[in-house]
Amino acid sequence: MPESGNNVTDKAAELEQTCSILSDFNSRLHSLVETVGGLHLCSDMVRFPGLLLEKFAMLMDADGGSFYMSTRTGLRLMASLDPGHAAVTLPSPLFSHSILNHVVTTQTPLLIRNITRENQFISSSWGGYKDNSLIIFPILDSLDGTKVEAVVSLHNKKTPPFTAQDKEVGTILASYSKECLRAVRAFDALQQSEYRYRTLFERSNDAIFIVDKKNGQYRDCNRAAEKLTGRSTKEIRKLTRNDLTGLEKEVGDPMRTSGPAQSMIPPETIVYIRPDKSRCPAKVNVVPLDDHQVIEIARDISQDLEMERQLQHSRKMEAIGTLAGGIAHDFNNILSGILGYAQLLEMQIDDTQAVRKNLAHVIKGATRAGDLVQQILTFSRQVEHEHKALKLYLIVRESVKFLRSSIPTSIEISETISSQSQVMVDATQIHQVIINLCTNAYHAIGNHNQGRITVSLQDFYLDETRVRQGCSPGNYVRLRVTDTGKGIEQETMDRIFDPYFTTKEMSRGTGLGLAVVEGVIKKHGGFIVVTSQVGRGTKFNIFLPIAEPSHSGNTVQPIPRGIFRGTGRILLAEDEVLILQATQRILRTLGYQVTAFIDGKAAMEAFEHSPDRYDIVITDMGMPRMNGRDLAKGILALRPDMPIILCTGFHESYTREAALQEGIRRYVQKPVTGRELAEMVQEEIFGKIEF
């Protein structure tokens with residue numbers, strides 16, 4: 001009986017111990033459930049490793065431990081309960097006999113009750129362990145469980161050593177932890193993606209709109225969209241594209257595309273209208289976002305359009321330069337023939353005053369036409385004009401006289417001149433300025449209405465308060481052109497000096513007039529002031545600085561008989577028959593022996609045959625078979641001291657400087673008067689003549 005009683009007691013004690021173990025295990029499971037719930041509440045990848053390590057340590061009743069995350073290069077320490085015991089990084093591959101390598105390789109938990117006795121592993125030799133017991137758990141990949149994502153290592157159990165129950169509880173927690181880790185990582189990736197998207201969305205230089213596909217209403221937009229449209233995000237969210245552009249939707253509107261997989265719609269150009277009525281053109285791309293929304297990306301192209309406009313303007317100017325060069329070549333050749341024959345008649349005719357006066361007008365008109373060609377080249381930046389000190393009132397009177405025959409008699413033209421001051425000007429350009437302004441005045445009045453154009457000239461002193469920027473105070477001549485026309489509206493007034501701007505019909509103007517006028521006056525050191533009243537007329541006031549008195553003239557002088565006569569042998573090459581004959585007869589009349597050739601090749605062959613026969617060479621630039629430049633090179637190769645006069649109607653690339661460097665004595669722009677040619681020939685043969 002006593003023995004039986006002892007058995008019952010032992011069984012009862014054993015059962016009580018088992019119940020205690022089960023109760024403790026059950027209590028730990030309850031704690032585990034609460035722990036897992038707490039882990040699910042964490043969504044911060046930075047905090048999660050430390051929180052998970054703390055939960056493991058609490059359930060394991062441990063004071064020390066570490067949490068390692070797997071990386072491409074090994075293990076990285078993310079959290080530690082007692083810093084200093086573990087390395088920050090453990091490079092891959094791990095040491096083959098290390099504890100962590102065993103756990104990562106086997107992908108199973110490891111319990112070591114006493115590491116000094118279980119010496120198949122190499123310890124870290126850290127002296128901070130309070131006992132020799134360790135427990136380590138791998139946290140596997142949640143998808144297929146074939147990869148170790150993290151490792152939790154615990155030591156310094158408060159009541160050592162770690163037990164099998166610790167291993168079981170920790171294994172369950174590790175299994176839950178992999179799902180928590182996956183969720184935290186996914187949330188962190190989502191946050192990073194949202195941050196990158198929001199950064200791109202807000203900092204993009206392009207305007208971005210999120211648009212409802214059903215009604216076209218804007219749901220969201222970035223700061224660039226606010227700048228583009230001139231409205232706040234709050235305002236834009238109440239509007240549609242139609243509200244911002246004033247355009248009605250069309251069939252096939254990109255807002256109505258269906259399906260998130262829809263490809264990007266071809267870009268289009270639309271114009272946003274801001275609240276202040278200013279307009280901003282933009283290139284717009286529409287990209288489907290999902291079944292209900294699209295992304296509208298708009299890029300401001302205002303600057304692109306402005307650059308394109310400037311490029312078109314540059315091309316127009318280039319075209320004008322090309323056209324001017326072609327006109328100049330042919331026109332100057334024609335003028336050279338006119339001048340030659342007119343001056344030949346002047347030298348040969350009897351001294352009849354009336355005939356000589358008429359011939360002088362012919363010569364003067366031809367010279368004026370040549371000057372107009374030079375003005376075309378100046379406008380296209382090919383040549384520069386020479387400014388001389390001239391009495392401005394003479395140019396004004398000549399211009400008004402010219403205008404009387406070209407403006408209807410219903411319009412009165414009057415002049416009021418009180419100034420006889422000299423101004424440094426180019427006569428032809430100022431003549432054209434007056435003609436241009438008076439022609440504009442005539443168009444403003446209209447050829448069926450009564451009206452008056454007044455041209456006045458007056459001296460003024462302008463101090464710092466009245467002179468315009470870029471000009472100096474001093475004495476000025478004011479040239480004023482006044483009309484009684486319809487006047488200029490303020491909108492037009494702001495643009496009248498813009499190139500290619502015109503209010504005239506296509507057949508009545510090019511839009512270049514006032515742009516040229518302003519350019520000419522600025523080059524003369526002056527400025528323009530325009531005043532106008534709608535319905536009452538316009539006043540153009542041109543101020544030019546007064547120059548010191550000068551005795552220089554601007555008229556074409558006839559060739560005085562007896563002056564510039566000489567003797568010598570001239571080789572003349574010119575492909576224009578009229579110019580060739582006229583020049584040859586002028587030079588022969590002056591006493592020279594002239595051998596003429598119709599092209600450069602024939603002239604070169606003649607010179608090669610008798611290089612010592614000639615005293616001077618006069619050649620045109622543009623000729624068939626051999627041009628004037630090549631002819632000059634060939635002649636100078638045979639006789640480097642030969643004086644050569646090169647005449648050109650126009651040449652785009654061959655300049656005076658280049659000609660002089662190559663040994664050519666004179667580079668002359670056509671038309672060339674007989675007096676000029678005679679003077680140059682005599683100076684080259686006999687030296688400069690003093691009068």
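Q: Which residue in β15 does Thr-416 stand opposite?
A: Thr-416 sits opposite Ser-456 in β15. Strands here are DSSP E runs of at least two residues, helices are H or I runs of at least four, and both are numbered from the N terminus.

Q: What kind of model is it?
A: The model is predicted, so local features need pLDDT of at least 70 and side-chain atom pairs count only at pLDDT 80 or more, while totals for chains, interfaces and linings use all residues. Residues are numbered from 1 along each chain as its sequence is written, and side-chain values use heavy atoms, with hydrogens and water left out.

Q: Back to β15, how many bridges pair it with β13?
A: Seven bridges, and β13 and β15 (451–462) pair in the parallel sense. Strands pair if DSSP finds at least two bridges between them.

Q: What's the strand order in the open sheet with β13 and β15?
A: That five-strand open sheet goes β13-β15-β16-β18-β17, with mixed pairing. β13 (411–417) and β17 (527–533) are at the edges with a single partner strand each, so one side of each has no neighbour in the sheet. Neighbouring strands are turned by 15° against each other on average, direction ignored.

Q: Which helix packs on that sheet?
A: Helix α11 (427–445) does, touching β13, β15, β16 (474–483) and β18 (537–545). Contact means heavy atoms within 4.5 Å. The direction of α11 makes about 135° with that of β15; axes are lines fitted to C-alpha atoms, for helices over the stretch in contact, and angles run from 0 to 180 degrees between N-to-C directions.

Q: And the sheet with β19, what's the order there?
A: β20-β19-β21-β22-β23, an open sheet of five strands with parallel pairing. The edge strands are β20 (593–597) and β23 (666–669). Four bridges join β19 to β21, and Leu-572 has Ile-618 in β21 as its bridge partner. α14 packs on this sheet, touching β19, β20 and β21.

Q: New topic: how much space is in the largest cavity?
A: About 200 Å³. A cavity is a set of points on a 1 Å grid over the protein atoms alone where a 1.4 Å probe fits but cannot get out, and lining residues have an atom within 4 Å of a point.

Q: Which residues are closest to its centre?
A: Of the 19 lining residues, Ser-336, Ile-579, Thr-583, Val-672 and Leu-677 are the closest to the centre of the largest cavity.

Q: Which element gives the largest share of the lining?
A: α14, with four residues.

Note on methods: 1 Å grid on protein atoms, 1.4 Å probe; cavity = no way out; pocket = protein on both sides within 12 Å on 5 of 7 lines; lining within 4 Å. Points joined across faces, edges and corners; volume = space filled by probe spheres on them.
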